[in-house]
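Colleague: Please put the model up, and then I will ask about the ligand, the domains and the sheet.

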Amino acid sequence: MTDGRGASRADVPLTSVEIARVGDLLYRWTGMIFGENKRYYIERRIADRMGRTGLSSAAEYIALLGSHLEEREALINAFTINETYFYREEHQLAALSNDILPELVRVRRPGDLVRIWSLPCSTGEEPYSIALWLLENWGLVDAYNIEIVGSDIDTQALAKAREGYFAERSLARLPTTVKQAYFEAEHRHRRRIIQDIRESVRFSPANIVDSADMARQGKFDVILCRNLLIYFDDAARLMAANNIHDCLNPGGFVCLGHSESMGRISNRFTLTRLPDAIVYRRD
Ligand SMILES: C[S@@+](CC[C@H](N)C(=O)[O-])C[C@H]1O[C@@H](n2cnc3c(N)ncnc32)[C@H](O)[C@@H]1O
């Protein structure tokens, strides 16, 4: 069965050894854990990629991954889980404008650079939320040079982020006034975020478990790393925590997702209870 683009939609039965091999490659490249318990998820995606590459055996496809960087990237893009939406965990945005930024700029001068990193940013809702939230809720937003960067391992998600079209579902938590002020009118059930906001966020690929890749992005004052560590095991979490640590300026802040905690992963951060959120700080 094909979907009209040449991709097979029938599952390809993989042997246990092939499942383990795909899981091992994905773990080494991304930190995400896939194994026998995700067999169905793995088989669907391998079948789709085999259809697109025109290969008929899983063994051949897995061998291709060893040498073909573009196919490796396509495979990673196919396995990522990109769930996100605007103003997700809004209390952390409140912590950013009420406590984190005021604390950071206490020792800076007007015009100084403040760098905020949304990693992973998926299709862009998180870094754009930061831009909208600060415009709406932080009186000093124009007094400092705020740089917002969005990064993800998924290059297809980043392309969507740059385009800036969003389904209504993704905007559901935004106040109507914010939708009216910062989004174009709805067209085919999607709305595009306005050019000014699109240009206020820079998107750049990054792999959180690759220290060289991370170091290339420079140092940040705040890193939002939300809803990614849940897909990792302890070893990958530690690698991610160390890379985040090394990308933070001293005194910089980390915000994790609501079900994630640095406590069990690393002791290189200080837990800080703010009125709106629990965050972590580089000593
Ligand atoms: C569930 S989304 C979270 C998006 C956003 N932070 C939020 O909370 O709404 C998880 C994202 O992590 C990305 N991801 C997975 N492994 C990664 C890695 N090793 N480095 C960077 N991003 C990764 C995926 O591509 C996906 O877009």
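**Ligand, domains and strands**

Modeller: The shell around the ligand draws at least three residues from each of domain 1 (16–79) and domain 2 (90–282); the domain bounds come from an automatic or database domain assignment. This is a predicted model, in which local features need pLDDT of at least 70 and side-chain atom pairs count only at pLDDT 80 or more, while totals for chains, interfaces and linings use all residues. Residues are numbered from 1 along each chain as its sequence is written.

Colleague: Which residues come nearest to the ligand?

Modeller: A residue counts as near a molecule if its C-beta atom, placed from the backbone, lies within 6 Å of it. There are 24 residues around the ligand. Of these, the nearest are T80, T84, P120, S122 and D154.

Colleague: How many residues of the shell around the ligand are charged?

Modeller: Ala, Val, Leu, Ile, Met, Phe, Trp, Tyr, Cys and Pro count as nonpolar, Asp, Glu, Lys and Arg as charged, and the others, Gly among them, as polar. On that division the shell has nine nonpolar and nine polar residues. The charged residues number six.

Colleague: Which helix gives the most to the side of domain 1 that touches domain 2?

Modeller: The C-alpha centres of domain 1 and domain 2 lie 29 Å apart. The contact (C-beta atoms, placed from the backbone, within 7 Å) takes seven residues from domain 1 and 13 residues from domain 2. With three residues, the most on the domain 1 side comes from helix 4 (residues 69–79).

Colleague: What is the hand of the β-α-β crossover from strand 1 to strand 2?

Modeller: Helices (H or I, at least four residues) and strands (E, at least two) are DSSP runs numbered from the N terminus, and two strands pair if DSSP finds at least two bridges between them. Strand 1 (residues 113–118) and strand 2 (residues 145–150) are parallel, with six bridges. The chain passes between them through helix 6 (residues 125–137). With the strands pointing away from the viewer, a path from the first strand over the helix to the second that runs clockwise is called right-handed, and this crossover is right-handed.

Colleague: Which residue in strand 6 stands opposite W117?

Modeller: Strand 1 runs parallel to strand 6 (residues 220–225), and three bridges join them. Opposite W117 stands I223.

Colleague: What is the radius of gyration of the chain?

Modeller: The globule rule is 2.2 Å times the number of residues to the power 0.38, and the radius is taken over C-alpha atoms. For 283 residues, a compact globule would come near 19 Å, which agrees with the chain's value of 20 Å.

Technical notes:
Two residues are in contact if their C-beta atoms, placed from the backbone, lie within 7 Å.
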